[in-house]
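Here's a quick briefing to read alongside the model. Have the structure open and follow along topic by topic.

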Amino acid sequence: MKRIFLVEDDREIAKNLALLLRAEGFAVTHAGTQSEAVRVVSEERFDLALVDISLPDGSGFSVCTEIKQTMDIPVIFLTASGDEASVVTGLNMGADDYVTKPFRPRELIARIGTVLRRSGRAPSAFEIGGLQVDTAAGTVKKGGKEIFLSALEYRLLLVFTGSPGSILTRDRLLDELWDAAGEFVNNNTLTVYIKRLREKIEDDPANPRIILTVRGIGYRLGGDYVSK
């Protein structure tokens, strides 16, 4: 389980973010001030930090510096300020990405996944139900033979493999596909893409074992998920 260090002084935002991250399978430790964050950094180890730039007793920039010096993990800044100076300052200090408030939860999760993969802290290859996926190479294989997926089919598969323990609602899947495609995707289109993907990756599309239907809610990943 990946560990995320959340530095955010707004208790309501921190509470909601922690719930979101834990639902995605992350362990979360929260600090609300610069002094508390510095103390935690000296005592614990993490895989990634989400740091608010504006803190009541200092700056997230100082926290970023402390984190990079202590454990050199990826840092994503959370900021209510979208001005160029803040962004440039953060990136020059070694931040790996930034997200401007208010942000969409799914966008934040996607950015976390991207930064973890880029830093080598997330697996780039895994197997599920006899299906081999290599995100670094962008390939999907079954029985040693490559399966060719469309961009949206591939994105849909990655959404499932990115949340192996979660039930994914249709609304969430629609949000993910909208972000990736930049085009209109509705419920009927989603049903078509689920059907097409199953036809390509399942041994028996009529009785799927990789992408399972959770009636009345959405879908979830089936089978044994093994990272490599």
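Predicted model: local features only at pLDDT ≥ 70, side-chain atom pairs only at ≥ 80, totals over all residues.

**Phe 160 in H6**

- Phe 160 belongs to helix H6, and with 0% relative accessibility it counts as buried.
- Setting aside neighbours within four places in sequence, Phe 160 is in contact with Leu 168, Leu 173, Ile 194, Ile 211, Tyr 219, Arg 220 and Leu 221.
- Take Leu 173 from that set: it sits 13 residues along the chain from Phe 160, and their C-alpha atoms are 9.0 Å apart.

**Tyr 193, over in H8**

- Tyr 193 lies in helix H8 and is buried too, at a relative accessible area of 15%; the cut-off for buried is under 20%.
- Not counting residues up to four places away in sequence, Tyr 193 touches Ser 150, Leu 152, Glu 153 and Leu 156.
- Glu 153 is 40 residues from Tyr 193 in sequence, yet the C-alpha to C-alpha distance between them is 6.4 Å.

**The largest nonpolar core**

- This core has 27 residues, and the ones touching the most other members are Leu 131, Val 140, Leu 156, Leu 157, Phe 160, Leu 173 and Ile 201.
- Two or more residues each come from strands S8 (125-128), S9 (131-134) and S14 (218-221), and from helices H6 (151-161), H7 (170-181) and H8 (187-201).
- H6 gives the largest share of this core, with six residues.

**The cavity**

- How many cavities of 30 Å³ or more does a search of the whole structure find? There's one.
- The largest cavity has a volume of about 40 Å³.
- Its lining is made up of Ile 53, Phe 77, Thr 79, Ser 86, Val 87, Gly 90, Leu 91 and Tyr 98.
- By type, the lining of the largest cavity splits into five nonpolar residues, three polar and no charged.
- Strand S6 (75-79) and helix H4 (84-92) each put at least two residues into that lining, and H4 supplies the largest share, four residues.

**A backbone detail at Asp 72**

- Asp 72 has a phi near 50 degrees, which is a positive value in a residue other than glycine.
- You'll find Asp 72 in the loop between helix H3 (60-70) and S6.
- Buried or exposed? Asp 72 is exposed, at 52% relative accessible area.

**The whole protein**

- Eight helices and 15 strands are present in the protein.
- Of the 228 residues in the protein, 44% are buried.
- Look at contacts between residues at least 6 apart in sequence, and 57% of them join residues at least 24 apart.
- The protein's accessible surface is about 11500 Å², and carbon and sulfur atoms account for 49% of that.

Definitions and conventions
Residues numbered from 1 in each chain as written. Heavy atoms only, no water. Buried < 20%, exposed > 50% of the residue type's maximum accessible area, 1.4 Å probe, protein only. Contact = heavy atoms within 4.5 Å. Areas by Shrake-Rupley, 256 points an atom, 1.4 Å probe, with all protein chains shown as cover. 1 Å grid on protein atoms, 1.4 Å probe; cavity = no way out; pocket = protein on both sides within 12 Å on 5 of 7 lines; lining within 4 Å. Points joined across faces, edges and corners; volume = space filled by probe spheres on them. Nonpolar A, V, L, I, M, F, W, Y, C, P; charged D, E, K, R; others polar. Core = buried A, V, L, I, M, F, W, Y, C linked by side-chain atoms within 4.5 Å.
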